[in-house]
Every structure is written in structure tokens, then in C-alpha cells.
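Me: Could you walk me through this one? I'd like a quick question-and-answer tour before I start clicking around.

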Amino acid sequence: MGYFANRVVAVTGAGSGIGRELAVALAGAGAWLAVSDKSAEAVAETGALCAAAGREPMVSTVDVTDRPAVLAHAEQAVAHFGRVEALFNNAGILHVGSVAESPFGDFERVMDVDFWGVVNGTKAFLPHLLTAERAHVVNMSSALGLMAVAGHAPYSAAKFAVRGFTDSLRQDMRAAGGTVRVTGVYPGGVLTGIARSASVAPGVDAAQMVRRFEGRVARTSPAAAARTILRGVARGEAKVLVGLDAIVVDLVTRIAGSYHERVLDMVFRS
């Protein structure tokens, strides 16, 4: 974990789940932190946990869809610490429902948070990262940014967009001289509160969806996910797969190509 010691790191969506575990682990590793979340109460709790782990962070209430607020947050972090050397774009939400049944507004809301939140954070912090001797951008996609499944079109669309944005950003940074590394993160099912806070289309049983996610899908703890992510970032990996399910999804889509959809048909019929 020496990679993060005494580096200034910004983490969005730090109020819960993977974001909170990333922040606490980074504090324990000796990083200086600017943590933010839409929930003032949640991010304050994360701040207290970080302080207990070793470093008291700068705590901010920021909605990643509010571009002026994100830009101001980046400036405040630099004013507070004098520099920023790493950014974890972690904030995200979920919507469950078919394309036919999901309102336009749910597509827009998920895209605003899960994709535009990443763009806003990256654009706000990148000018400062480019001045660092070594810097890092870490963007949170998903296993559903590698393979789409029924009932998750808004989420998959946003996470596929994050994947493309991240890969393009990596090439931009390589062309610029390679001082900023870029990592895309692809978690499988992680036992966070994302399902409980998800919006659902008409006809979707929210309680049943949560039970299925927490009982059958989410096999990785947020703490384990954070450890995997930080290990991959420290190694400079371009792609970090979190959980066995994400590894399987990556293999199936790369090996089977478009035929992976037939595999999905068999899984969902079983």
C-alpha cells in the first residue's frame, strides 16, 4: 500500500459501500483524502472512520451531477492540500426495469450520475492531476459495462459509456506523456446498498429484486472489493475485475463474443 502513502486522493460517492471502504483503506495507508458524497450525514460518518484509521480527511457534500459544484470541489481540494494526485470516480446509482417499461427520466438520471458524474469529476480534477509528477484516475464501471443483461439497460448503458470514456482517456494520457495513469474498475456483485436505493420500473417487485441481489448476486464484500481495487491501482493495471463473477463475465464475453447472449438465455431459463 506504499503507493498511496502521503498522496492526495479524492474519492466521490464516499458515503457508503465501496467508496467508504476505499476511503478508510486509503486513510490507513497514509493518504491525504478529499472525500465527497451527496449525503452530508453519510460522508461525515466516513470522515470519522478515516480519522480513526489514520488520517482526518477533507469532507465535502457534493452531488456529482452538479458540474459547478464538482469544479468548485476540485479547486477547494487543491487549495486545502496544495495538490491532488489521484481521483476515484466512484459515485453511482442503479435502475432496474426493461427498456419498454422504464421512463425516460430513469435513463437520464442514471446516465447523469453514473456517466456524467465520471466525466464531471475527471474534467474537474484533470488539470491538477496533469501537473503532478505521477497521478491516477480510477473510474468505476461494472461487470454490466462488459456484458449487458435484461432489465438493466440504463445502468449498462452508463457503465459501457464509462468503459469507453476510460479507455479513451487512457490513450489521451499516454499520448500526453504518460504522467497520469488511468484504471477502469469492473465490479461484479458487491454487497452494498445500491439495490436498496435503486429505482424500479412499474411492475418490478423491488423487495424481490433486493432479496435476489443480496442473496444470490452480491458475493463480494465492499471491504474485499476495495482491497482488490487498491491493489490493482497500485500495480498500474488498466482493468481491475472485482469478484469471481466479474472475471467470468470478462472471460465469457471475450471468448464467446456475441454468442454469450445464448449462454445468458440458458441461465435465465434455468
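**A tour in questions**

Reply: Let's start inside: Asn120 is buried, at a relative accessible area of 5% (buried is under 20%, exposed over 50%, partly exposed in between, with a 1.4 Å probe and protein chains only). Bear in mind that this is a predicted model, where local features need pLDDT of at least 70, side-chain atom pairs count only at pLDDT 80 or more, and totals for chains, interfaces and linings use all residues. Residues are numbered from 1 along each chain as its sequence is written, and side-chain values use heavy atoms, with hydrogens and water left out.

Me: Which helix is the place of Asn120?
Reply: Leaving aside neighbours within four places in sequence, Asn120 is in contact with Val64, Thr65, Arg67 and Val70 (contact means heavy atoms within 4.5 Å). Helices (H or I, at least four residues) and strands (E, at least two) are DSSP runs, numbered from the N terminus. By that numbering, Asn120 sits in helix 4.

Me: At roughly what angle do the axes of helix 3 and helix 4 cross?
Reply: Two packed helices are described by the angle between their axes and the distance between the axes. Here the axes are lines fitted to C-alpha atoms over the stretch in contact, with angles running from 0 to 180 degrees between N-to-C directions. Helix 3 (residues 67–81) and helix 4 (residues 104–129) have axes that come within 9 Å and cross at roughly 35°.

Me: Is Ile229 buried or exposed?
Reply: Ile229 lies in helix 7 (residues 222–234). Not counting residues up to four places away in sequence, Ile229 touches Ile18, Leu22, Phe88, Val138, Met140, Val185, Val240 and Val242. With 0% relative accessibility, Ile229 is buried.

Me: How far apart in space are Ile229 and Leu22, C-alpha to C-alpha?
Reply: Along the sequence, Ile229 and Leu22 are 207 residues apart. In space, their C-alpha separation is 8.3 Å.

Me: What is the phi of Asn6?
Reply: Most residues other than glycine have a negative phi. Asn6 is found in the segment before strand 1 (8–11) and is partly exposed, at a relative accessible area of 44%. Though not a glycine, Asn6 has a positive phi of about 65°.

Me: Which residues is Ala5 in contact with, leaving aside neighbours within four places in sequence?
Reply: Ala5 is also placed in the segment before strand 1. Ala5 is partly exposed, with a relative accessible area of 33%. Its contacts are Ala29 and Gly30.

Me: What is the radius of gyration of the protein?
Reply: The protein has 9 helices and 9 strands. The globule rule (2.2 Å times the number of residues to the power 0.38, with the radius taken over C-alpha atoms) gives 18 Å for 270 residues, and the protein comes close to that, so it is as compact as a globular protein of that length. Its radius of gyration is 18 Å.
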